[in-house]
Amino acid sequence: MTGSMGGKTKIQGAKEAAIAVIDSLLPIDRVAVVSFSSYGTVNVHLTSDFEYAKKEINKISAWGSTSFGAGLSLAINELKTRGNPEHAWAI
């Protein structure tokens, strides 16, 4: 997460929102975790292990600048290379 997410309230709110999305998924769904700051990182490749994804979300911290494009590019690439084209995709 970027430095603009600094402070406990902002970063914690973002983590809680991401975890809430995971908690709403169905067993047939898959999730990946991509974060961005000065650069993008794929924290978790597409997986059905929702608990692992949530644990990795909780490890993310705020720092650096806001390279939203880098995170978006990695998310798109994750779907193109590992996503199932027969299922709906969302970022």
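This briefing describes the strands, core, surface, aromatic pair and salt bridges of one protein model. The model is predicted, so local features need pLDDT of at least 70 and side-chain atom pairs count only at pLDDT 80 or more, while totals for chains, interfaces and linings use all residues. Residues are numbered from 1 along each chain as its sequence is written, and side-chain values use heavy atoms, with hydrogens and water left out. Helices (H or I, at least four residues) and strands (E, at least two) are DSSP runs numbered from the N terminus. A residue is called buried under 20% relative accessible area, exposed over 50% and partly exposed in between, with a 1.4 Å probe and protein chains only.

**Strands**

- Strand 1 and strand 2 (residues 40–47) run antiparallel and are joined by five bridges, where two strands pair if DSSP finds at least two bridges between them.
- The two strands, strand 1 and strand 2, form a hairpin, with three residues between them.
- Within this pairing V33 stands opposite V44 in strand 2, and V34 stands opposite V42 in strand 2.

**Nonpolar core**

- The largest nonpolar core has nine residues, namely I19, I22, V31, V33, V44, F50, A53, I57 and I60; such a core is a set of buried Ala, Val, Leu, Ile, Met, Phe, Trp, Tyr and Cys residues joined through side-chain atoms within 4.5 Å.
- At least two residues of this core come from each of helix 1, strand 1 (31–36) and helix 2 (50–59), and helix 2 gives the most, with three residues.
- In soluble globular proteins, nonpolar side chains tend to be buried together.

**Surface and positions**

- F68, L72, I76 and I91 make a nonpolar surface patch of about 390 Å², with the area taken from the Shrake-Rupley method with a 1.4 Å probe, where for residues only the protein chains shown count as cover.
- Patches are made of residues with over 30% relative accessible area and no salt bridge, like charges being joined within 9 Å and nonpolar side chains (Val, Leu, Ile, Met, Phe, Trp, Tyr) within 5 Å.
- V21 lies in helix 1 (residues 8–23) and is exposed, with a relative accessible area of 51%.
- Between V21 and V31 there are ten residues of separation in sequence and 9.6 Å in space, C-alpha to C-alpha.
- S61 has its place in the loop between helix 2 and helix 3, where S61 is partly exposed with a relative accessible area of 42%.

**Aromatic pair**

- A search of the whole structure finds one aromatic pair, and this is the edge-to-face pair of F36 and F68, with 5.4 Å centre to centre and 90 degrees between the planes.
- F36 lies in strand 1 and F68 in helix 3, so the pair ties together parts that are 32 residues apart in sequence.
- Rings of Phe, Tyr and Trp (its six-membered ring) pair if their centres lie within 6.5 Å, and planes under 30 degrees apart count as stacked, over 60 as edge-to-face and the rest as tilted.

**Salt bridges**

- The count comes to four salt bridges, each being a side-chain nitrogen of Lys or Arg within 4 Å of a carboxyl oxygen of Asp or Glu.
- D23 forms a salt bridge with K54, the closest N and O atoms being 2.7 Å apart, and this pair links distant parts of the chain, with D23 in helix 1 and K54 in helix 2, 31 residues apart.
- K54 also meets E51 in a salt bridge (3.0 Å, N to O), and E51 and K54 are separated by about one helical turn because they are three residues apart in helix 2.
- K54 counts as buried at 14% relative accessibility, whereas E51 is partly exposed, with a relative accessible area of 47%.
- The side chains of E78 and R82 meet in a salt bridge (3.3 Å, N to O), and both residues lie in helix 3, four residues apart, about one turn of the helix.
- E78 counts as buried at 3% relative accessibility, while R82 counts as partly exposed at 46%.
- Salt bridges that share partners join D23, E51 and K54 into one network.
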